[in-house]
Amino acid sequence: MKTARLVRKTASITAWLPASLLMAGVAHAEVVPSQFSTAALVKAPETVSCTLENGSAAQCTRLVVKYQPDDLEIGPFCPPTLDDQGGIWQWDGQHPGLYRLDRAFFEMLDTLGFHFHDEDETLHIMTDLSKRPEEANNCLNVAEDESVEMTVLLPVVPVPADSPTSLGTVAKVGLALDGVPIFADAPSVLDTGNLPALDTCGGHVDPGGWYHWHATATDIDSVYDTQGVDAHCQQPQSKSAQFAYAFDGYPMFGSEDPTGEVPTDLDSCNGHFGPTERHPEGEYHYHATQEFPNLPACLKGVVAKDNFTTNARMGIGSPRKPGQGPMPGHAGDGHPGGPMPGNDDDSAGVGAP
Ligand SMILES: [Zn+2]
Ligand SMILES: [Zn+2]
């Protein structure tokens with residue numbers, strides 16, 4: 001019943017769109033809330049009035065998700081010792097590339113002046129970022145906070161922006177269909193000295209205690225193949241399945257089209273207009289790349305204001321006000337070097353309980 005109501009609402013929204021957009025097929029793209037996993041949802045998705053970043057009024061799908069979906073297996077992150085295998089990291093110093101977190105990687109970093117382990121070969125691992133770090137270099141493995149909820153707003157019908165918005169460090173990319181938020185590049189070790197380890201599906205826990213992706217998890221094994229990394233994600237893999245909706249409401253797919261081909265007409269945001277399973281006549285959508293991070297580099301559509309808020313005490317989207325600066329001892333924050341929480345216009349905590 002809910003779905004039927006939503007479809008009718010969507011139909012009335014598309015009726016307001018200029019004919020040129022309808023003809024271009026843009027109006028076919030729309031967020032379908034039933035695609036999101038109920039294992040992640042705190043309550044049923046709602047359609048609400050919202051304001052887009054360009055100031056226009058719109059309808060948005062509001063999703064409230066848990067700190068982590070019920071059935072999601074996460075980790076491994078930091079290996080306890082050099083003999084263990086942890087997750088992955090995109091190293092951007094000398095000898096850059098995507099690495100498995102293992103002996104070879106940490107011994108390489110040691111030769112480059114980044115000392116993540118003791119002489120007894122145990123790693124410096126931090127789980128509580130409110131404490132001051134004892135070492136210059138720490139592998140971060142933040143504890144989760146089961147009380148955290150996140151509220152996401154996605155325009156029901158995507159609206160093309162005048163120009164694309166590029167996605168810098170920890171920029172908001174989208175919401176995966178499994179209910180896990182997606183962010184662009186995690187902060188560099190070169191900026192912070194600390195390594196917020198990603199697991200082998202490309203996710204980790206924010207300083208606010210909630211899990212998020214820094215990659216297209218359902219098509220990350222093909223990245224390992226392309227880049228020769230000895231890793232594997234335990235989530236089901238598909239090169240052509242839809243992985244997420246971007247924050248502008250356009251869908252994000254794996255690296256291949258439904259035909260099994262890697263598209264050759266992708267724009268600068270790694271998107272194109274083409275057939276999808278839901279819209280064989282075509283719709284605008286993004287594709288994953290086959291190199292890390294396998295995410296769109298920019299967004300073509302307009303995002304909603306206050307589109308990501310949490311009730312967490314820190315981290316992205318938390319209700320802290322701008323200008324408060326980093327928490328004491330937070331040089332080791334999972335997202336230092338990037339926009340501080342509060343740089344975001346959602347810092348007023350709208351939507352946070
Ligand atoms: Zn992160
Ligand atoms: Zn495509």
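This is a predicted model: local features need pLDDT of at least 70, side-chain atom pairs count only at pLDDT 80 or more; totals for chains, interfaces and linings use all residues.
Residues are numbered from 1 along each chain as its sequence is written, while chains are lettered from A and ligands numbered from 1 in the order in which they are written.

**Overall make-up**

- The protein chain has five helices and 19 strands; helices (H or I, at least four residues) and strands (E, at least two) are DSSP runs, numbered from the N terminus.
- Out of 353 residues, 48% count as buried. Buried here means 20 or more other C-beta atoms within 10 Å of the residue's own, exposed means 12 or fewer, and partly exposed is in between, with C-beta atoms placed from the backbone.
- Take the contacts with a separation of 6 or more: 66% of them link residues 24 or more positions apart. Two residues are in contact if their C-beta atoms, placed from the backbone, lie within 7 Å.
- UniProt, in an unreviewed entry, puts the feature "domain: YHYH" at residues 154-256 and 264-301. Its positions are given in the numbering used here, feature names are shortened, and annotations may be inferred rather than shown by experiment.
- Residues 264-301 come out as 0% helix and 34% strand, with the end C-alpha atoms 21 Å apart.

**The core**

- The largest nonpolar core holds 85 residues, and Ala197 and Ala246 have the most contacts inside it. Such a core is a set of buried Ala, Val, Leu, Ile, Met, Phe, Trp, Tyr and Cys residues joined through C-beta atoms within 7 Å.
- Setting aside neighbours within four places in sequence, Ala197 touches residues including Phe77, Trp89, Leu101, Cys139, Leu140 and His204.

**Strand pairing**

- Strands of a sheet pair through backbone hydrogen bonds, either parallel or antiparallel. Here, two strands pair if DSSP finds at least two bridges between them.
- One open sheet has three strands in the order S5-S6-S11, with parallel pairing. S5 and S11 (195-196) are the edge strands with a single partner each, so one side of each has no neighbour in the sheet.
- S5 and S6 (residues 139-140) are joined by two bridges, and Met126 sits opposite Leu140 in S6.
- S1 (residues 46-51) runs antiparallel to S2, with six bridges joining them; Val48 faces Cys60 in S2.
- S1 and S2 make a hairpin with five residues between them, and Gly55 in that turn has a positive phi of about 90 degrees.

- Most residues other than glycine have a negative phi, and most peptide bonds are trans.
- The Gly75 to Pro76 peptide bond is cis, with omega near 0 degrees; Pro76 lies in the loop between S2 (57-66) and S3 (88-91).
- Phe292 and Pro293 are also joined by a cis peptide bond, with omega about -10 degrees, and Pro293 is in the loop between S17 (283-287) and S18 (298-301).
- His95 isn't a glycine, yet has a positive phi of about 55 degrees. His95 is in the loop between S3 and S4 (97-100), and counts as exposed because it has 11 C-beta neighbours inside 10 Å.
- Glu121 is another non-glycine with a positive phi, about 70 degrees. Glu121 sits in the loop between H3 (103-111) and S5 (125-126), and is partly exposed, with 14 other C-beta atoms within 10 Å.
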